[in-house]
Every structure is written in C-alpha cells, then in structure tokens.
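Subject: Structure handover

Hello,

Here is the structure I promised to pass on. Please open it alongside this note, and my findings follow below.

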Amino acid sequence: MTSDRQNLVHYDAVVVGAGFSGLYMLHRLRDAGYSVRVYEAAPDIGGTWYFNRYPGARCDIESIYYNYTFSEELLNEWTWSSKYAEQHEILRYIHFVADKLNLREDIQLNTKVTSARYDEKSQKWEIELENSSKIIAKYFITGVGALSASNIPNIKGIDSFQGDFYHTGEWPQKKVDFKNKRVGIIGTGSSGIQAIPVIAQEAGHLTVFQRTPQYSSPAHNKPLDSETIRKTKENFKKIRQEMYASMHGIPSAARTRSTVQDSPEERQRVYEEAWQEGGLFSLLYTYSDIPITPEANKTVAEFVRSKIKKIVHDPETAEKLMPEHYYGMKRPILNTNYFETYNRQNVSLVDLRSTPIKEITKTGVRTTEQEYELDILVFATGFDALTGPLLKLNIEGKDGITLKNKWANGVRTYLGISTAGFPNMFMITGPQSPSVLSNVIVSIEQHVDWIMDCLEYLNKHNADTIEANPEFEQMWSQQCQAIADMTLLSKTDSWYMGANIEGKRREFLAFAGGVGPYRQICDDVAAKSYEGFTILSDSQKVETDGNEKIMNRDANLDPQAKFVLEQLKVLGVPPMETLSPQEARSWTSNFSLLAGAPEKVEHVINRTIDGNIPVRIYIPDGDGPFPALVYYHGGGWVIGDLDIVDVPCRRIANQANCVVVSVDYRLAPEHKFPAAIEDAYTAVKWVATYADSIQVDSNRIAVGGDSAGGNLATVVSMMARDKGGPSIVQQVLLYPVTNHGFDTKSYVENADGYFLTRPTMIWFWNHYLRDEQDGINPYASPLLADDLSHLPPALVITAGFDPLRDEGEAYAERLKTAGVPVETTRYDSMIHGFCWMPGAIEQGKRAIDQVASTLKRTFETVRTETL
Ligand code: N01
C-alpha cells in the first residue's frame, strides 16, 4: 500500500466482496506479495451466506463438495455435520477459514463500493466508497457473487404494507417470530421451497402465492456418518480431480444412454432410483437427451408430476402445483417436506396464474379474487442474477463507457472473466462463466487461480495492462448462447435467461458447456500467451508467442463447431491414427450424441441384401412409390456404420419424402479396395431391381454420401454410367474424398485441430488401398478420371475448416467443365463431419435440409419429365 500526493490510498488490487470469492482472492494475492484490500458492504464476512439466513436456508450441493479444495489443512480440520449443510454451519466454515488464514485484517466491513472508474492516463482504477473516500488500484477484481442483488418486484402498493416485510436474500440477523402470525410468502423458487416448510411449522397460517409451480425432488438430508467423512478425506485428491473435470463441479458419471434406448418401465425404474438417491442433478443425469429434446424431457417431467400427485392429498392443490416447463432447465431444486407441507391445515396455496396479484394493501395482498390479510409478508422473489451485482457497482471503463451502457444491447465478456474496454478488471464467476450452473466454489477457485497465473504472466512481461479483445468476446458470447441453444435451457423462462426481471434483456447468461471443458478452455487461453487479450506495457504491445495468426483464423470457426472440438478434446478422444481400426470403431459410438434426437420415420427396416450387405431402409409416411436415396456413410472406409448417419437419414426421408436406403458396406483393412465400391454398386442395383418391394420408383434413384461415403457415391455414379445402369438422377456429395493426395491448400491449413486431420486421412487411405497403384485408379480417386461427362447432376457441399475442402471443390469444378449440372455450397465456418452432428451444430441441420430440398426438387423435375 502507498499514498500519493493527494493522500489517496493505493493498492495493487482492490477486491469487492468478502464471500467465498473475495476471501480466496485475498489469500492468493496476499500470499504472492500483492498489496490488497477487500471491501464488503455487510457488517460481517460471508457474502451470500451472510445475507441468506432465512428459515430453512441450506446448501443444495452436498457439503463434502461444498468447501475450498486448495488446502489439505483446511480439508482435514473441518468436518461437516450433515449431507446438506445449513446456512449457519456454512457461515461458521467461512469464519473458520478467515480466521485460519488470518484474512480479516485486510477486509474492510460495512463499506459499500459506490463506483469504480478506469483512468486511462494513469492506467489505474479509482474506486469510490460510500463515505466518498477514493482508493486507487492497478487491478479491480469483483467477487460480488451472481445472486446478491435482491429482486423486489414492482407490485402496486408495495410500500403501503404495514405489517413486517422481508426478502429472503436480505434476511435480518434477529430471529423472525412467526408464531400465531398470518404469514404470506411470494415466490416458490429454491428460497421459497426451502423456507415454506419451516415457516409453516411455526406460523398461525401460511399463504403461499405461487406464480410458477416448480419441479423439486427430496434432498434426503441426513447426518454424515464417520465412514463417509473418513473416505472423503482420504480420497479427496481423486475426488477433487473428478470435481474439476466434471460438468457441474461435483463428481458424476457420464450420461451415456438416451431415453429412447430404454422402455418406459426401465425409465421409470431409473427415475425412481435417482429420486430415492436425491441430489441436485440426479434426475437430470439419468439420460443424455433430457436437456436436449422436448420428448425426452417430457418423460422425466411426467415422472416428477406423478410424484407430486401422490404426495399432495388434495387433488385441487396438487393440480395447482403441477409444473409445465422443461424439467431441469430452471435451476433444479431440492426440498425437505415441501410438497408434504400442502397437506397441513394451516397452509393454503394461491395460484397467481389464475388469480394474479392486483396490489399490496396496508393489511395484506389483494388478488383478482380476494384479499388475504397478513401480519408478515415474505418475498422469496429471487435476484437480478449475474449482471445485477456488477451493474450496481457503477463501473466505468475506457472512453467513459459504463458497463451498464456496454451491456445494454447484450452481455459481452471474454470467458466470463473480463470484458473489453475495462482493462485490468477481473470478474470472479462473472456472467458467461459456469458459475451458477456449477458447484460455485469449484468455479471460484478456478477463476482465482487463473487470475493469479495471469498476474504472474503480466509481471514477468513487465506489462501494465491486460484487456479482452472485442472480437474474442464477441465469439465467446456467441458461443455461450450457441451452447444454450443446443439445449432446452434457452427455451425456458428462467433467471439464467434474465426472464425474471422486468425489462431485462433475454439472453443466456452463463456458460453451459461444463466446468471441465471450461477449465480446459481457460487453460488453453493461458497456454497460448493469453490468446484473445491485448497485453500492453507503456503503450507498447507485449510480444507474445506469435499465436495471433492462428487466433484470427479460429475466430471464423463456428462457435458450435468450436465447442464440439473442445468437448472432444475434453473427452480425450485419441488421434485415430494411434488406434487399431477396431478401437477406432468403438470410439465412433461416442459421436452419436452429436447427432441429436432421431425423428420418427413411418417405417424403419433393418435387413440384409444380396446375401451379405446390411442396409437400413427408411420409408416415409404416405403411399408409394417414392423416389429413393441410396446413402453411404463416411468414416474413411475404415470406421462408421448405419447408426452414425441414422439421424440425418431420418430427416432426409421425412423432408424429401423419399425412401432412404443406408448401406453398411464392407470396411477396410479387413476388406480393402474395391470391396466398398462393389457393395455400394450392388446396393444401388438391388434398389433398382427390387424397387417395388420397398415402395420405390426405380426411375427416381439418387445416390449420396459423406466423406468416404461421398467418394463411393461418385464412383457408383460412374459405374452406373459405364456398366449399363441403373439410371441415377442425382448425386449428393458431402465433403467427399476425391483424390489420394495430401497437399492441397486446405490440407495445409487444416492439417490438425479441426476434427479430421491429415495424419488420420493418410491412415484411412493406407488401410483402404492395396497398393500405390490403387491410389490412381479413378474408382478410388475420381478426381483423376479422364471423363466425368454424362454423370448425374451433383450437389457438392464442403466445409471451410476441412482438409478435404479443396478436393471436393476441385471435383465440382471438373464436373461442371464436363457439362454436368452442379450446385456447390461451402459452409465456411464448418468442420469435416458437421452434417452428422445436427444435434450439436445448427448448420449441420441446415445442410441436411439443403440436401433434402435439392433432392425434392430433382425428384419433382424427373417425375414431371417422365409424365
Ligand atoms: O429465486 P428464484 P430464489 N409475482 O428466482 C417468483 C440460489 N439458491 O431466491 O418463476 C409473483 O428461483 C418467481 O416466480 P416465476 C439458486 O441458484 C440456492 O428462490 O418467475 N411471483 C419464483 O417462484 C436459486 O435458483 C439455494 O414465475 C414472483 C420466485 O419468485 C437462486 O438462488 C437456496 C414475482 C423466485 O425464484 C434463486 O432462488 C436458495 C412476482 N412479481 C437460493 N417475481 C441453495 O440451496 C418473482 N416471483 C444453495
């Protein structure tokens, strides 16, 4: 700490908030030798756990995971009493840590930060306190939590109420006496659901004003037994690693099954088991498609509704308690006797959907139906989440731009930790980080550790400032929204979406890609010399490690595609060329999640044709004969199967109203060239010959495929031309392999890092071909064919970030030159394989729809010509 001429106090860092974030930040900064001051508005430390002391307040993350993990000593010296700790026990833990680490001396309590302004000249932050004093700091770090700005809704007459009035998030220190009182509570989120059963036990009468019924499952709270405590302490290193790599910051098994894979009876059993086990995410973790598809989500939602119906005796009350939104897409809620409370005589439920509140009067709450007289009114109405606490600080960055103005048209952050225009400012668990979607202490520690590494880097490079680059924050913010859009999260009104605050912009405010992947992304940014940040020293750009070129190129990568690549990295999918073909095939099944939910097709028939070629036939609804697409999956002739293209095949069958025959041709190296093309050609001949038996019009057969399957489709088109049929009306080539060569510009640009790599492609070819000679055979490398005339019209789709991009486009050009009608589309920001990832990548779905509409047009034209 130093003082300048004007006697302003200077620190290296000012931290706002003395909750879990501020305390750990203080500890790390002080340990590293920085001068630091923490300002806390409350009369004591604890943050959320200081303020949220309403009856029933407790943690919904198991207490054994809800503590700092950085210190063995802290872990060993503290023991939780129950599975879910109560507020006062958590607050005691926070005091224990603060005392143990001797933190209090650097914390100033009862001190509200009223504004923070970045001074560009001095490159310092000026922080103003409630008593008008100013503090100067190089780094401004917020540890204000995501849920600290209470939301008191703007209800007419709210100030006229003459009884006692409380908000759960600002609960008084003294015990509130509910005995024999007429109590009303507005709000049935986590806070309301925890408070209601406890208040009901004491109150004369409790009236619950409910706007949205909620899903909630029993916490099954219990004292922790000594064996659990011993095991947890003994294995904490391993547990910690699992927490760090997990989705939500608590150890959990990966979801590998989808709801459609189990019968309704089996699903019921699985849900029952999760219900009995308890835990915030237990039901959500049962099946992988619950957060993604409405149909899957409905199965678990219905299960919880059936439970509510069973618990609540009065059918009319039970009906009012039935939630209708998607399960788990608002924050899940644990309860202790919540639904049972409605069986008490002294509790009544008012459904605000049918009888909304008109006003609050001197004596109670008046709805459109009647007035409820009350002595005490409790607001359990939540928070202006994530952005609210930051905006309350009145932060002003460069050029006089306030954070409020900057975010008026949408929140923009880079990694949820910084925002462009606000140099040297860090937000611990800021918006667009996993924060509220995780065990927040894990996320806090990760942010604090990352900030400390960053400060060390800045010191090492004598840097004065670090600031997020606008284009990177644009990309990050888009990615956060894109991930939420892959799920039902963004299709549900919740405070994650800002939907609970009148006038707040609707956007997804957190990073939903998981704690583990997020950690990896942040670590990668640091490893690449703080990619996406500008680091300056005396107004000179600090030389980093020359990653800029790669960064700029990646900025064009679609956020959803980027996310898929990151997920695969986190899953630890090994490079294909390091595996045996059998191992590589078993990895392929991991990719099916990227396809999303299969849509219903009227008939799906698995059969074997011509003695030994398995096919899957999709026949749409209606009367045939239908036109047909014979489809070949990708996978470098070595991997891949009918399942990997099941989702796109279904969509094409429905959208193009055609039969799709998906072919499981023989794979290499067991069956080398030309086995695959023989099977591919046999399949198309079979479809033409036995057209009637599968409701196909033999005059309207198309072929298509992706990657190596695209290669087969080109070759089958040539074979049909050269060997007397059958007649093919269209070839659909999705990023096809067309040449045994590895030196095009797209091979160089995309050699590594974009799903399909150059080494993998070489590995595929080596397995496929018998010898070098095969490589120049036009049935292996159709780009080398002398004559491409008289081939069917082609749709060629390529991807910008794909080694095969240029050979696909070169083939399209050669077809055009040979007089073949060709439609070409390059999906610039896409990676190889995106068409079978429609569940994860929106543009994959768009490309499949393009295929379907091209086919539909061709099939219509051919029919008209035939007529
Ligand atoms: O707040 P909420 P919360 N008229 O926003 C209703 C964490 N937390 O404090 O859904 C009538 O969830 C609103 O109705 P609707 C946890 O992350 C954790 O309960 O908007 N009603 C809703 O019912 C949690 O998610 C723990 O239609 C109005 C309720 O008020 C987050 O904090 C414990 C209304 C608000 O629910 C917030 O939970 C507690 C109006 N004008 C909280 N305005 C743990 O266990 C709002 N509502 C760790």
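β14 and β15 (residues 364–367) are joined by three bridges. E359 has its bridge partner, R366, in β15.

Please keep in mind that this is a predicted model.

Next comes another sheet. This open sheet has five strands, in the order β8-β17-β9-β10-β13, and the pairing is parallel. Which strands stand at its edges? They are β8 (164–167) and β13 (347–351). Each pairs with a single strand, so one side of each has no neighbour in the sheet. From one strand to the next, the twist averages 20°. Helix α5 (residues 190–202) packs on this sheet. α5 touches β9, β10, β13 and β17 (376–379). The direction of α5 makes about 170° with that of β9. Inside the sheet, β9 (residues 182–186) and β10 (residues 205–210) run parallel and are joined by five bridges. R182 has H205 in β10 as its bridge partner.

α4 covers residues 87–100, which makes 14 residues. From first C-alpha to last, α4 reaches 20 Å, close to the 20 Å expected at 1.5 Å a residue. α4 is mostly covered, with 10 of its 14 residues buried. Among the buried ones are Q87, E89, I90, L91 and Y93. What covers them? The cover includes α1 (20–31), α2 (48–51) and α3 (72–77). Just after α4, N102 has a positive phi of about 55°.

α22 covers residues 708–722 and has 15 residues. Its span from first C-alpha to last is 21 Å, close to the 21 Å expected at 1.5 Å a residue. In α22, 13 of the 15 residues are buried, so the helix is largely enclosed by the rest of the structure. G724 follows α22, and its phi is positive, near 80°.

On to the nonpolar cores. In general, nonpolar side chains of soluble globular proteins tend to be buried together. The largest nonpolar core here has 215 residues. Which of its residues touch the most other members? They are L415 and W450. Helix α14 (residues 440–460) gives the most to this core, with 11 residues. Leaving out residues up to four places away in sequence, W450 touches L415, I417, F426, C522, D523, V525, A526, Y530 and F533. There is also a second, separate core of 69 residues. Its members include W637, W686, A785 and Y811.

Last, the cysteines. How many disulfides are there? The count is zero, taking a disulfide as a pair of cysteine sulfur atoms within 2.5 Å. C522 is in no disulfide, and the nearest cysteine sulfur, that of C480, is 10 Å away. C522 is buried, with a relative accessible area of 1%. C59 is buried too, with a relative accessible area of 4%.

Over to you.

Best wishes

How values were computed. Residues numbered from 1 in each chain as written. Predicted model: local features only at pLDDT ≥ 70, side-chain atom pairs only at ≥ 80, totals over all residues. Heavy atoms only, no water. Buried < 20%, exposed > 50% of the residue type's maximum accessible area, 1.4 Å probe, protein only. Pairing = 2+ DSSP bridges. Helix = DSSP H or I, 4+ residues; strand = E, 2+ residues; numbered from the N terminus. Axes fitted to C-alpha atoms, helices over the stretch in contact; angles between N-to-C directions. Contact = heavy atoms within 4.5 Å. Expected span 1.5 Å × (residues − 1). Core = buried A, V, L, I, M, F, W, Y, C linked by side-chain atoms within 4.5 Å.
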